[in-house]
Amino acid sequence: MDVVIYHNPACGTSRNTLALIRHAGIEPHVVEYLKTPPSRAMILGLVERMGVPLRSLLREKGTPFAELGLGDPALTDDQLLDAIEAHPVLLNRPIVVSPLGVKLCRPSEAVLDLLPPEGLKPFTKEDGEVVIDAEGRRVR
């Protein structure tokens with residue numbers, strides 16, 4: 001299965017998502033989006049495939065969101081893309097692309113919707129939260 005993750009290694013949610021993908025036996029294409037930001041066209045394509053507005057992918061915490069006034073609902077997608085282009089940290093993460101769909105994987109276990117369900121093995125996140133139990137079932 002071909003999987004792409006737009007990843008920030010400094011983010012615990014992103015690290016857990018990457019670990020879950022690898023735990024499923026898949027080595028994804030890892031795009032460290034702060035080093036190699038996706039193009040405007042790529043971001044728009046991801047949003048379209050996700051079926052969500054661009055605004056829903058904006059990250060507020062730890063970003064210049066407030067300082068740039070990005071909460072203003074009158075801003076256009078082009079203006080939001082300008083901000084993301086200038087400050088890639090505004091793009092929330094991790095975004096995962098698989099043959100089963102595209103999703104912002106917050107919380108990290110949301111990635112399980114994009115992976116094959118067979119053969120899941122027990123998995124516990126960095127913080128000790130169990131995601132897949134000893135019987136291979138998702139814990140909700």
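I take contact to mean heavy atoms within 4.5 Å. I take helices (H or I, at least four residues) and strands (E, at least two) as DSSP runs, numbered from the N terminus.

**Entry 1: basis.** I am working on a predicted model, in which local features need pLDDT of at least 70 and side-chain atom pairs count only at pLDDT 80 or more, while totals for chains, interfaces and linings use all residues. Residues are numbered from 1 along each chain as its sequence is written, and side-chain values use heavy atoms, with hydrogens and water left out.

**Entry 2: the chain.** I looked up the secondary structure and found three helices and six strands. Read from the N terminus, the elements follow the order β-α-β-α-α-β-β-β-β. The radius of gyration, taken over C-alpha atoms, is 16 Å; this is close to the 14 Å that the globule rule gives for 140 residues, so the chain is as compact as a globular protein of that length. The globule rule used here is 2.2 Å times the number of residues to the power 0.38. I noted spans of about 50 × 30 × 25 Å for the C-alpha trace along its principal axes. Of the 140 residues, 42% count as buried (under 20% relative accessible area; exposed is over 50%, partly exposed in between, with a 1.4 Å probe and protein chains only). Among contacts between residues at least 6 apart in sequence, 57% join residues at least 24 apart.

**Entry 3: the sheet.** I next traced the strand order. Four strands form an open sheet, β2-β1-β3-β4, with mixed pairing; two strands pair if DSSP finds at least two bridges between them. β2 (29-32) and β4 are the edge strands, each pairing on one side only. On average, neighbouring strands of this sheet are turned by 15° against each other, direction ignored. β1 and β2 run parallel and are joined by four bridges, and His-7 stands opposite Glu-32 in β2. β3 and β4 also have four bridges, in the antiparallel sense; Ile-95 has Leu-104 in β4 as its bridge partner.

**Entry 4: helices on the sheet.** I then checked how α1 and α2 lie. Axes are lines fitted to C-alpha atoms, for helices over the stretch in contact, and angles run from 0 to 180 degrees between N-to-C directions. α2 packs on the sheet, where it touches β1, β3 and β4, and its direction makes about 100° with that of β4. Helix α1 (residues 12-23) lies across β1, β2 and β3 and runs at about 160° to β1. β1, α1 and β2 make a right-handed β-α-β unit: with the strands pointing away from the viewer, the path from the first strand over the helix to the second runs clockwise.

**Entry 5: α2.** Which residues of helix α2 (residues 40-50) are buried? I found Ile-43, Leu-46, Val-47 and Met-50. They cover an arc of only 100° around the axis (from the directions of the C-beta atoms), which puts them on the same side of α2. Their cover includes β1 (4-7), α3 (77-86), β3 (95-98) and β4 (101-104). The face turned away from the buried side carries the exposed residues Ala-41, Glu-48 and Arg-49. Gly-51 follows α2 and has a positive phi, near 70°.

**Entry 6: α3.** In α3, I recorded Leu-80, Leu-81, Ala-83 and Ile-84 as buried. Seen down the axis of α3, these residues fall within an arc of 160°, so they line one face of the helix. What covers them includes α2. Exposed Glu-85 and Ala-86 are on the face of α3 turned away from its buried side.
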